[in-house]
Amino acid sequence: MKRWWSILLAFAAILGSVIAETLLSQDEDYGPKWDEPKKYQGFVAQNMDSWVKGVDHVEIVLFNYKEDEDRRLVENGILHKGVIIEFTKRLSDKEVSLLSKFVTGKHPSRGGGFCGFRPHHGFVFYGKDDKILGHLEICFLCSDYLSRPWEGLSSSWDLNGLRSLVTDLGLPILKNDKEWDEFFASNREKQKSNKPALATPDPP
């Protein structure tokens, strides 16, 4: 009897492994880099050409992932509805070079993934026709991140460099969920107050 239990447990372990590998191989929507396929862990990219080609420009974005928690920053070529347009900025060539430096090459491994991955910052890469070629998402709350496509950038990024780049571009980095919730609530109120009032029609 014990032998049969051992066989069943071994079979269940193999089946679970196969299912996990199948899910991870579906490029479109697996989670952040702590879910990455094992073959990618420790990968060091020399440049961004192995990730996406034909990039015309790059924009940094700030977004409230809670506006739609089931979606990535970009899906099917469409930006997340939580993106706050007034914080979107186009990077200069120098800033793009810095960004490339921070996500390629060799960097110390980070211990992320414990906050459940709640990203608020991203970088979107566009082609000449404004088609989105790829994007990055960063969660500074737990020092984790992801890319789409996932393969082609270094497995470990320079988070200190990315933090400096984000703040230099004028975007906030807050300490916890409470501060982010208050920030987004304040921003919504500001948008409402700045919304132009509808013109009142003249009486007949």
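Is lysine 192 buried or exposed? At 58% relative accessibility, lysine 192 counts as exposed, where exposed means over 50% relative accessible area, buried under 20% and partly exposed in between (1.4 Å probe, protein chains only). The structure is a predicted model, in which local features need pLDDT of at least 70 and side-chain atom pairs count only at pLDDT 80 or more, whereas totals for chains, interfaces and linings use all residues. Residues are numbered from 1 along each chain as its sequence is written, and side-chain values use heavy atoms, with hydrogens and water left out.

The protein comprises 4 helices and 7 strands, these being DSSP runs numbered from the N terminus (helices: H or I, at least four residues; strands: E, at least two). Read from the N terminus, the order of elements is α-β-β-β-β-α-β-β-β-α-α. Of the 204 residues, 42% count as buried. The accessible surface amounts to about 12,500 Å², and carbon and sulfur atoms account for 55% of this area, as computed by the Shrake-Rupley method with a 1.4 Å probe; for residues, only the protein chains shown count as cover. Among contacts (heavy atoms within 4.5 Å) between residues at least 6 apart in sequence, 71% join residues at least 24 apart.

Strands of a sheet pair through backbone hydrogen bonds, either parallel or antiparallel. Within the sheet, β1 and strand β5 (residues 121-126) run antiparallel and are joined by 6 bridges; the bridge partner of valine 61 in β5 is glycine 122.

The antiparallel arrangement continues from β5 to β6, again through 6 bridges, with tyrosine 126 standing opposite isoleucine 132 in β6. The hairpin of β5 and β6 has 5 residues between the strands, and aspartate 130 takes a positive phi near 65 degrees there. Strands β6 and β7 likewise run antiparallel, joined by 5 bridges, and cysteine 139 stands opposite aspartate 144 in β7. In the hairpin of β6 and β7, with 4 residues between the strands, a positive phi near 60 degrees is taken by serine 143. Strand β6 is mostly covered, 7 of its 8 residues being buried.

In helix α2 (residues 93-103), the buried residues are Leu99, Ser100, Phe102 and Val103. Seen down the axis of α2, these residues fall within an arc of 165 degrees and therefore line one face of the helix, the arc being that of the directions from the helix axis to the C-beta atoms. The buried residues of α2 pack against β1, β5, β6 and α3. Asp93, Lys94 and Lys101, which are exposed, are carried on the face turned away from the buried side of α2. Glycine 105 follows α2 and has a positive phi, near 75 degrees.

A salt bridge is defined as a side-chain nitrogen of Lys or Arg within 4 Å of a carboxyl oxygen of Asp or Glu, and by this rule the count comes to 7. Side chains of opposite charge can pair when their charged atoms come close. One of the salt bridges is formed by the side chains of lysine 66 and aspartate 181, at 3.0 Å from N to O. This pair links distant parts of the chain, 115 residues apart: lysine 66 belongs to the loop between β1 (57-62) and β2 (74-75), and aspartate 181 to helix α4 (residues 177-194). Lysine 66 is partly exposed, with a relative accessible area of 36%, and aspartate 181 is also partly exposed, at 35%.

A further salt bridge joins the side chains of arginine 71 and glutamate 75, with an N to O distance of 3.5 Å. Arginine 71 is partly exposed, with a relative accessible area of 27%, whereas glutamate 75 counts as buried at 11%. In helix α4, the side chains of lysine 192 and glutamate 189 meet in a salt bridge at 3.8 Å, N to O. Because lysine 192 and glutamate 189 lie 3 residues apart in helix α4, about one helical turn separates them. An α-helix has 3.6 residues a turn, so residues three or four places apart point the same way.

Conventions:
Pairing = 2+ DSSP bridges.
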